[in-house]
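Good morning, and thank you for joining. I would like to take you through the salt bridges of one structure.

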Amino acid sequence: MKLILVKDYQEMSKQAAEYVIEKLLQNPNMKLGLATGGTPIGTYKFLIEDHKRNGTSYQNVKSFNLDEYVGLSATNENSYRYYMDDVFFNHIDIKKKNVHIPSGDAPDIQKECEDYEKVLTKHGRVDLQILGIGNNGHIGFNEPGTSFDSKTHIVNLASSTIRANSRYFESMEEVPTRAVTMGIATIMQSKEILLLVSGESKSKALLKLWENEVDEYFPASVLKKHPAVTVIADEAAYVEWKANNRAFA
Ligand code: PGA
């Protein structure tokens with residue numbers, strides 16, 4: 001894994017966007033894996049600005065999101081489908097038919113998982129997958145203990161994840177407890193991965209990612225087995241590293 005350390009969230013977002021744009025210019029037909037949550041919002045902002053200013057086009061891009069809450073429809077403001085439209089897709093020229101996100105309100109969620117995996121297989125490997133990391137090391141919604149062989153599946157969210165996500169909901173009761181997520185094996189099929197880590201709350205997870213063994217109880221550790229992972233982390237995410245007097249990787 002390659003680590004790029006930057007000053008702050010703004011710089012992380014800018015560098016991540018530049019990374020994506022470079023790949024996009026090399027391959028305008030790219031298959032782009034996207035993430036939700038707080039971390040990539042700044043990256044999407046930079047990508048939108050670049051699209052408006054420089055005309056970087058997404059006309060031929062196919063996008064694949066990592067996950068979606070079970071029970072939330074695309075029109076629910078807390079669904080990841082709504083988030084993606086709101087923070088990114090509505091502001092660029094991607095064709096909606098090329099956007100892929102599991103449907104959280106599909107009548108048969110198990111079938112939805114199987115269908116999503118089939119869609120991914122049909123299109124071939126994702127060229128670049130953007131990832132965030134949970135405090136507990138989850139990637140997508142693959143919580144600790146998820147098999148590294150997992151494909152798209154239904155998960156019961158960890159209580160720490162439900163708590164972390166509750167900031168977007170009016171009450172704890174409204175936070176979904178289940179989600180559909182690309183599996184770890186699905187994520188690992190991507191040709192390249194860009195992991196974004198920002199803020200002190202992610203500091204322990206970043207240090208663990210570097211120092212722990214590859215272990216299903218810290219899902220992100222699987223990334224050590226992937227040949228092309230770039231991590232962009234800001235200084236706040238690096239404090240634990242410093243506190244432990246670790247040398248810069
Ligand atoms: P965050 O979530 O970007 O909202 O911190 C990341 C994750 O849980 O994967």
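Let me begin with a definition: a residue is called buried when its relative accessible area is under 20%, exposed when it is over 50%, and partly exposed in between, using a 1.4 Å probe and protein chains only. By that scale, D115 is partly exposed at 24%, and K111 is partly exposed at 43%.

The model is predicted, so to speak of local features we need pLDDT of at least 70, and side-chain atom pairs count only at pLDDT 80 or more, while totals for chains, interfaces and linings use all residues. Residues are numbered from 1 along each chain as its sequence is written, and side-chain values use heavy atoms, without hydrogens and water.

A salt bridge here is a side-chain nitrogen of Lys or Arg within 4 Å of a carboxyl oxygen of Asp or Glu. The whole structure contains 8 salt bridges.

D115 and K111 form one of them, at 2.9 Å from N to O. Both belong to helix α4, residues 109-123, where they sit 4 residues apart, about one helical turn. Helices are DSSP runs of H or I with at least four residues, strands are runs of E with at least two, and both are numbered from the N terminus.

Next, K191 meets D127, with the closest N and O atoms 3.1 Å apart. K191 lies in the loop between α6 and β9, and D127 in the loop between α4 and β6, so the pair ties together parts 64 residues apart in sequence. D127 is buried at 13%, whereas K191 is partly exposed at 39%.

Finally, R81, D85 and K96 are linked in a network of salt bridges.
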